[in-house]
Amino acid sequence: TWYHVALVRNGSGSGNFALYVDGVQLQTDTDTNTIGSGATNFISIGGIDAVTPNNGLNGHIDEVRISNVARYTTGFTPSASAFTNDDDTVLLVHMDGTDGSTTFEDDVS
């Protein structure tokens with residue numbers, strides 16, 4: 001079964017986070033930390049980290065988009081179409097390759 005999962009950060013510096021699954025808001029949280037850049041600030045999508053090494057995703061991922069705006073702030077109906085690049089897209093990965101592939105191309109031009 002495929003699910004549309006969106007983690008949305010609304011606010012600058014620290015912010016409010018909301019987790020949506022198939023357009024339904026399931027969880028909210030507030031984080032007072034500022035999201036920065038550098039070697040110690042990274043995003044792991046479906047990956048395994050050093051803190052919780054057994055918590056990797058056991059499944060498939062398709063269509064990853066990272067934006068510089070909050071795309072969803074209320075419940076929504078997910079689109080079945082592939083994401084498209086726009087001015088607010090920072091990273092766009094379609095992941096249409098072979099299962100098990102570890103090479104992906106950013107579609108933001």
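The model is predicted: local features need pLDDT of at least 70, side-chain atom pairs count only at pLDDT 80 or more, and totals for chains, interfaces and linings use all residues. Residues are numbered from 1 along each chain as its sequence is written, and side-chain values use heavy atoms, with hydrogens and water left out. In the sheet, 3 strands are ordered β1-β2-β3, and the structure holds 1 salt bridge.

**Sheet**

- The sheet is open, and its strands pair in antiparallel fashion; strands (E, at least two residues) are DSSP runs numbered from the N terminus, and two of them pair if DSSP finds at least two bridges between them.
- β1 (5–10) and β3 (24–31) are the edge strands, each with a single partner, so one side of each has no neighbour in the sheet.
- On average, neighbouring strands of this sheet are turned by 20° against each other, direction ignored; the axes are lines fitted to C-alpha atoms, and angles in general run from 0 to 180 degrees between N-to-C directions.
- Strands of a sheet pair through backbone hydrogen bonds, either parallel or antiparallel.

**Pairing of β2 and β3**

- Strand β2 (residues 15–21) is joined to β3 by 7 bridges, and the two run antiparallel.
- Glycine 15 has aspartate 31 of β3 as its bridge partner, while asparagine 16 stands opposite threonine 30 in β3.
- The hairpin of β2 and β3 has 2 residues between the strands, and aspartate 22 takes a positive phi near 50° in this hairpin.

**Nonpolar patch and valine 24**

- Tyr3, Val5, Leu7, Leu19, Val24 and Leu26 make a nonpolar surface patch of about 610 Å².
- Patch residues have over 30% relative accessible area and no salt bridge; nonpolar side chains (Val, Leu, Ile, Met, Phe, Trp, Tyr) are joined within 5 Å, like charges within 9 Å.
- Areas come from the Shrake-Rupley method with a 1.4 Å probe; for residues, only the protein chains shown count as cover.
- At least two residues of the nonpolar patch come from each of β1 and β3.
- Valine 24 lies in strand β3 and is partly exposed at 48% relative accessibility; buried means under 20%, exposed over 50%, and partly exposed in between.
- Valine 24 and threonine 74 are 50 residues apart in sequence, with their C-alpha atoms 8.2 Å apart in space.

**Salt bridge and polar contacts**

- Arginine 71 and aspartate 86 form a salt bridge through their side chains (2.9 Å, N to O); the term requires a side-chain nitrogen of Lys or Arg within 4 Å of a carboxyl oxygen of Asp or Glu.
- Both residues of this pair are in the loop between β4 (64–67) and β5, 15 residues apart.
- Arginine 71 is partly exposed, with a relative accessible area of 27%, and aspartate 86 is partly exposed at 32%.
- Threonine 89, in strand β5 (residues 89–93), is buried at 8% relative accessibility.
- The threonine 89 side chain makes polar contacts with the side chains of arginine 71 (3.1 Å) and aspartate 86 (2.9 Å).
- A polar contact is a pair of N or O atoms within 3.5 Å; within protein, one must be able to donate a hydrogen and the other to accept it, and residues adjacent in sequence count only if both atoms are side-chain atoms.

Key. Helices (H or I, at least four residues) and strands (E, at least two) are DSSP runs, numbered from the N terminus. Buried means under 20% relative accessible area, exposed over 50%, partly exposed in between (1.4 Å probe, protein chains only).
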